[in-house]
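Subject: Structure handover

Hello,

Here is the structure we talked about passing on. My notes follow below it.

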Amino acid sequence: MLLHIPNILNAEQLAHCRARLAAAGWADGRITAGHQSAKAKDNAQLPENDPVAIELGKLVLDALGRNSTFFSAALPRRIYPPLFNRYAGGQSFGFHVDNAVRYDRSRGGSEPVRTDLSATLFLNSPEDYDGGELVIEDTFGTQSVKLAAGDMVLYPGTSLHRVTPVTRGERVASFFWIQSLLREDAQRRLMFEMDVALRVLTRDVPDHPSLVQLTGVYHNLLRRWSDI
């Protein structure tokens with residue numbers, strides 16, 4: 001499942017992020033790449049233990065915690081603390097698949113994170129740069145993603161994906177991974193669709209007796225499938 005989630009960050013939060021990142025100490029993006037990914041990766045990135053990365057990562061996590069669509073779609077168990085990257089001057093990232101497991105040792109994390117889901121949160125406007133599309137290939141076909149500032153795309157960590165060259169301006173984003181309660185993308189999609197339908201029914205026919213039964217089915221499926 002590929003899902004566009006709008007308005008993760010508001011205008012004030014975006015302005016704060018951009019101001020902090022403009023003066024940040026960017027490094028070579030290959031610092032977090034695996035052996036194969038490093039061959040295809042050409043961008044700048046904040047080191048994981050950079051104070052600005054830690055500060056803004058907490059801001060992003062707080063925003064995600066208030067977003068019901070994200071929670072419903074991801075069913076997060078663990079979230080790898082958000083990272084930040086920048087593309088400019090023709091930089092790009094060729095096709096690759098993200099590492100299956102991430103370790104946050106540089107920031108004191110003790111638990112591995114299985115990367116069931118990948119997320120990219122766009123921090124500047126698509127009008128600010130040319131190129132920089134996130135191209136994702138999976139069973140849903142090939143999708144080219146370039147979203148408004150503050151919007152996020154959520155997609156399976158198993159997907160082949162790349163970032164096209166940025167030929168004008170710069171593309172700044174946050175990216176991170178989620179270990180879900182559900183390993184399988186098909187299960188997550190079914191649970192998300194059921195949750196969306198339950199919300200609509202609760203709004204439109206709040207007293208319908210089947211709502212209790214359907215809510216029970218949702219939670220019983222989650223109980224049956226969840227990996228805790």
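First, a term: buried means under 20% relative accessible area, exposed means over 50%, and partly exposed lies in between (1.4 Å probe, protein chains only). This is a predicted model: local features need pLDDT of at least 70, side-chain atom pairs count only at pLDDT 80 or more, and totals for chains, interfaces and linings use all residues. Residues are numbered from 1 along each chain as its sequence is written, and side-chain values use heavy atoms, with hydrogens and water left out.

Aromatic residues

Rings of Phe, Tyr and Trp (its six-membered ring) pair if their centres lie within 6.5 Å; planes under 30 degrees apart are stacked, over 60 edge-to-face, and the rest tilted. By this rule there are two aromatic pairs. Tyrosine 80 and tryptophan 177 are edge-to-face, because their planes stand at 75°, with ring centres 5.5 Å apart. This pair links distant parts of the chain, 97 residues apart: tyrosine 80 is in the loop between strand 5 and strand 6 (83-88), tryptophan 177 in strand 16 (residues 166-180). Helices (H or I, at least four residues) and strands (E, at least two) are DSSP runs, numbered from the N terminus.

Phenylalanine 175 and tryptophan 177 also pair edge-to-face, at 5.7 Å centre to centre and 90° between the planes. Tyr80, Phe175 and Trp177 form one aromatic cluster. Phenylalanine 175 is buried, at 11% relative accessible area. Tyrosine 80 is buried at 1%, and tryptophan 177 at 5%.

Leucine 121

Leucine 121 is in strand 10 (residues 117-122). Its relative accessible area is 0%, so leucine 121 is buried. Not counting residues up to four places away in sequence, leucine 121 touches Ile8, Leu9, Val60, Gly150, Asp151, Met152, Ala173 and Ser174. Contact means heavy atoms within 4.5 Å.

Asparagine 7 lies in the loop between strand 1 (3-5) and helix 1 (11-22) and is exposed, at 59%. Leucine 75 lies in the loop between helix 4 (68-74) and strand 5 (76-79), and is buried at 3%.

Best wishes
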